[in-house]
Amino acid sequence: QVQLVESGGGLVQPGGSLRLSCVVSGNIFRTNAMGWYRQAPGKQRELVARISRDDGTNYGDSVKGRFTISRDNAKKTVYLQMTSLKPEDTADYYCNADLILAGGYYPRNYWGQGTQVTVSS
C-alpha cells in the first residue's frame with residue numbers, strides 16, 4: 001500500500017520559517033515528479049511547488065522567492081522550506097507524487113493526508 005506522510009506543519013509567527021517533509025512508502029519502483037499543494041478554508045487547492053525527478057522546479061506565484069522545494073530520491077522524500085511566512089500562507093499543505101509501482105509501467109498520482117500550517121501572531 002502506498003503512503004505519502006507529511007510532517008513539519010504547525011503554528012508560526014509572521015516572518016517565521018517552517019520545513020515540511022513528505023515521505024513516500026510502499027512497493028515503489030520509481031518516484032517521478034513530486035510536489036506540494038495547499039488549500040485554505042473556502043478556497044480551491046493550489047500549486048505551491050513541484051519538482052521533477054531531475055530537480056527541475058516550478059512555483060506558485062505567491063511563494064516565489066520565499067519557498068524552496070527539494071527532494072532526496074534515495075529517501076523517497078520531498079521537502080518544502082518555507083521562509084518569510086505570511087498569514088495568507090495559512091492552509092492545509094498536501095504532498096503529491098507521480099509514482100510507478102513495482103511491477104507497473106505508467107505513473108499514477110497519489111496524495112498525502114495533509115499537514116496544517118498556521119501563520120499567526
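Predicted model: local features only at pLDDT ≥ 70, side-chain atom pairs only at ≥ 80, totals over all residues.

Trainee: Are Cys22 and Cys95 buried or exposed?

Mentor: The term buried requires a relative accessible area under 20%. Cys22 and Cys95 both belong to that class: they are buried.

Trainee: Which residues does the disulfide join?

Mentor: A disulfide is a covalent bond between the sulfur atoms of two cysteines. The count for this model comes to one disulfide. With an S to S distance of 2.1 Å, the residues joined are Cys22 and Cys95.

Trainee: How many residues apart are Cys22 and Cys95?

Mentor: Cys22 belongs to strand E3, whereas Cys95 belongs to strand E9 (residues 91-101). The link of Cys22 and Cys95 is left-handed, with -85° about the S-S bond. This pair links distant parts of the chain, the separation being 73 residues.

Trainee: In what order do the four strands of the open sheet lie?

Mentor: Strands of a sheet pair through backbone hydrogen bonds, either parallel or antiparallel. In this open sheet the pairing is antiparallel, and the order is E1-E3-E8-E7.

Trainee: Which are the edge strands?

Mentor: An edge strand here pairs on one side only. From one strand to the next, the twist averages 15°. The two edge strands are strand E1 (3-7) and strand E7 (67-72).

Trainee: What is the bridge partner of Leu18 in E8?

Mentor: Strand E3 (residues 18-25) pairs with strand E8 (residues 77-82) in the antiparallel sense, over six bridges. For Leu18, the bridge partner in E8 is Met82.

Trainee: What kind of aromatic pair do Tyr37 and Trp111 form?

Mentor: A search of the whole structure finds two aromatic pairs. For Tyr37 and Trp111, the rings lie 5.1 Å centre to centre, with 65° between the planes. Planes over 60 degrees apart count as edge-to-face, so the pair of Tyr37 and Trp111 is edge-to-face.

Trainee: Why does the pair of Tyr37 and Trp111 tie together separate parts, and how many residues apart are they?

Mentor: Tyr37 lies in strand E4 (residues 28-39), while Trp111 lies in strand E10 (residues 108-111). Tyr37 counts as buried at 18% relative accessibility, whereas Trp111 is partly exposed at 36%. The parts tied together are therefore apart in sequence by 74 residues.

Trainee: What is the angle between the planes of Tyr105 and Tyr106?

Mentor: Tyr105 counts as exposed at 65% relative accessibility, and Tyr106 is exposed with a relative accessible area of 63%. The ring centres of Tyr105 and Tyr106 are 4.8 Å apart. The pair is edge-to-face because the planes stand at 85°.

Trainee: Over the ring of which residue does the charged end of Arg45 sit?

Mentor: There are charged ends over rings to consider here. The charged end of Arg19 sits over the ring of Tyr79, 4.1 Å from its centre. The charged end of Arg45 sits 3.8 Å from the centre of a ring, that of Tyr94.

Trainee: How many residues apart are Asp98 and Arg50?

Mentor: The side chains of Asp98 and Arg50 meet in a salt bridge at 2.9 Å, N to O. Asp98 and Arg50 are buried. With Asp98 in strand E9 and Arg50 in strand E5 (residues 46-51), the pair links distant parts of the chain, with a separation of 48 residues.

Trainee: Which residues do salt bridges that share partners join into one network?

Mentor: The search of the whole structure finds five salt bridges. Among them is the one between Arg66 and Asp89, at 2.7 Å, N to O, and both of these residues are buried. Shared partners extend this into one network, whose members are Arg38, Glu46, Arg66 and Asp89.

Trainee: Which residue does Asp61 meet in a salt bridge?

Mentor: Asp61 counts as exposed at 67% relative accessibility. In the salt bridge of Asp61, the N to O distance is 3.1 Å, and the partner is Lys64.

Definitions and conventions:
Residues numbered from 1 in each chain as written. Heavy atoms only, no water. Phe/Tyr/Trp six-rings, centres within 6.5 Å; stacked < 30°, edge-to-face > 60°. Buried < 20%, exposed > 50% of the residue type's maximum accessible area, 1.4 Å probe, protein only. Lys NZ or Arg CZ within 6 Å of the ring centre and 35° of its normal. Pairing = 2+ DSSP bridges. Axes fitted to C-alpha atoms, helices over the stretch in contact; angles between N-to-C directions. Disulfide = S-S within 2.5 Å. Salt bridge = Lys/Arg side-chain N within 4 Å of Asp/Glu carboxyl O.
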